[in-house]
Amino acid sequence: MAYLVKQSHRAPAVTSPVPVDESLPRACVIGAGSAGIAAAKQLYLAGIPFDCFEQGSDIGGTWVLDNSNGQSACYDTLEINTSCPRMAFSDFPMPADYPPYARHDQVRAYFEQYVDHFGFRHTITFDTTVEDVSRSAGGRWDVRVTGPDGTETRTYDAVLVANGHHWDPRWPEPAYPGTFAGEQIHAHDYRSGDQLAGHDVVVVGAGNSAMDIAVESSYVARTTTWSVRRTEWVLRKFLLGKPSDQVALPGWLPWWVTAARLRIGATYAGSMTKYGLPAPTHKPGQSHPVQSDKIRERLDAGAVTARPGIERLDGDRVVFVDGTTAPADLIVWATGYRVTFPFFKPELVSAQDNELPLWKRTVHPDLPGLYFIGLVQAIGAVMPIAEAQSAWIAETLAGRYLPPADDVVRRQMEGEHRRDKKQFYASPRHTMEVDFDHYLWDLDRERRAGRERAATRTPSSASVPAPVSGGAGARRTLARLLLGAARWRAVGEVPQRGVLVGAPHTSNWDWVLTMLLAWRYGITIRLLVKKELFVGPLGWLLRRTGAVELDRKNPAATIKDLLAEAEGGDSWLLGIAAEGTRSRSDYWKSGFYRIAQQTGLPITLAFLDVPSRTVGWGPTFHPTGDVSADMDVLRDFYADKTGFNPEDFTPPRLREEDRA
């Protein structure tokens, strides 16, 4: 279903301190705006050690009028453009007595209540500026901060960047030709109608802020002209008496469904061309939606005059591309913002033309441990997205989530970036655009997949989990697709490093399923295969999968070499394919069983059963020498997983060992 927070979703208040697990990676959160507090809350409840630094003394970022950090773009008439149930954090609904679209002061109060409800205000260090973030020699992050007690540098395993992207004003580039005798301000510096009173005002821009300022100007200014270079589809905030954004659809639906919904809303709202604006050159849904009911009222009343883009400035007038002019002694440039990070050196992280590709708009694939929270321009609210991103990162740092392989991450990131650029028209405004409901659905799907990966493979250390490099991701995807297409189910506990594998009760192709099973769980495996199989297409496939030709005369040497290769922290298996385990020689009889006895390695039986279409890991145990007892372990597993328990079932290889 579409995202909609109800009063019943409110989580219990956190009244007791949450213990910190110092064994987990230490994190730094930059900023205490809506994204920063979402991150701090998730880290705090997960017991992850962290610091949150806020440049000012206020919580709420851009929603705080005259925020002490000097970065807020809030003005006195600002209200949200997403209705309260669609903007609220998932476990903390906005107060029931709030209007459908809350005012900025109500949003600020909501954030204050959120911090106190979950009890993490003490984790935020106020009046402290992050001056520099850089990679340490050990691959961690050095963060230099300046606060009331001076400047210091602290080292972290992870950095969560939540500094916002509506604070660094973007002025027209290049500047319009001509000269202007009046005053020019950016919308970022606008606070109230007092700045507009008595002026001939020209407001430039097509976004929500531009329309809000033009509306307010129409009440207090001498004249108000609204200049729009590229016309947007202006939607209404209400549809049939209800907030229009609550007519939403499940996130798993394709984009064209959301685009169709926006087209219906645009058709219902009506065209802006009757006011003298040019027709939009894009379809509804191909740009970030803008909403206003009042702008049409003021245009209809003649209090606002709409004009196309500016051609030049001319002293006390502005000349537009259609040849018309307007008097002006104050221009308000509502021309957007640049995405910048003053604490990063440009060669480390920068967003040229506001473009910074990230996996799921969160993860920088080249900088492990660096995350971005709320760096999105959503068709919807940022707050629930920041919450989901923060929960994802907390799961990662706590070891409950494991990412896919590096090549999968990059392929997905590039594909998503291409998709978004195709869905929205090219502009700095749309480099971070995402579809709200689809994004939340897609990220939830990835989090569930990562939790499954984590449940079946334990990280080797407490350091920040990093994407696996190389071709492991492609192999894992291929194995999952092949096993799924063949409708095989996987069962059993995943073995850890230093395990010797045999595959009983299978055909001569049992090594194929053994390999796929290892790939499916991201485990390194090397198969021992006899020389006769390295011919034709089968031989080519064997060599491509890293199979090793078994030295029948000196198998111990082969085993020794593979064991040396397998040293390391990752899970690994030493596989003996079926055709390589049935020697007539006295030495190699029941190879996997005898090798386990000789090396002291435990046995994990790769369980492959065609009738039940089951593939998985059998029990792991050290051979006792008592084949009958060892087979009891296997029989119990076989019966439990397949429901079939043949009497006196013993795989041929163990039968040979038993006879010996």
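This is a predicted model: local features need pLDDT of at least 70, side-chain atom pairs count only at pLDDT 80 or more; totals for chains, interfaces and linings use all residues.
Glu-395 forms a salt bridge with Arg-451, the closest N and O atoms being 2.8 Å apart. Because Arg-451 lies in helix α9 (residues 436–456) and Glu-395 in helix α7, the pair ties together parts that are 56 residues apart in sequence. Glu-395 counts as buried at 8% relative accessibility, whereas Arg-451, with a relative accessible area of 30%, is partly exposed.

In total, 26 salt bridges are counted. Among them, Asp-168 and Arg-338 meet at 2.9 Å, N to O; Asp-168 lies in the loop between β7 (158–161) and β8 (178–180) and Arg-338 in the loop between β20 (330–333) and β21 (370–372), so this pair ties together parts that are 170 residues apart in sequence. A further salt bridge, between Arg-453 and Glu-446, has an N to O distance of 2.6 Å, and both of these residues are buried. Lys-360, Glu-416, Asp-442 and Arg-445 are linked in a network of salt bridges.

Asp-245, in the loop between β14 (242–243) and α5 (255–269), is buried yet has no salt bridge, the nearest side chain of opposite charge, that of Arg-86, being 4.3 Å away. The side chain of Asp-245 is instead joined to that of Ser-83 by a polar contact of 2.8 Å.

How values were computed: Residues are numbered from 1 along each chain as its sequence is written. Side-chain values use heavy atoms; hydrogens and water are left out. Helices (H or I, at least four residues) and strands (E, at least two) are DSSP runs, numbered from the N terminus. Buried means under 20% relative accessible area, exposed over 50%, partly exposed in between (1.4 Å probe, protein chains only). Lys and Arg count as positive and Asp and Glu as negative; His and the chain ends are not counted. A salt bridge is a side-chain nitrogen of Lys or Arg within 4 Å of a carboxyl oxygen of Asp or Glu. A polar contact is a pair of N or O atoms within 3.5 Å; within protein, one must be able to donate a hydrogen and the other to accept it, and residues adjacent in sequence count only if both atoms are side-chain atoms.
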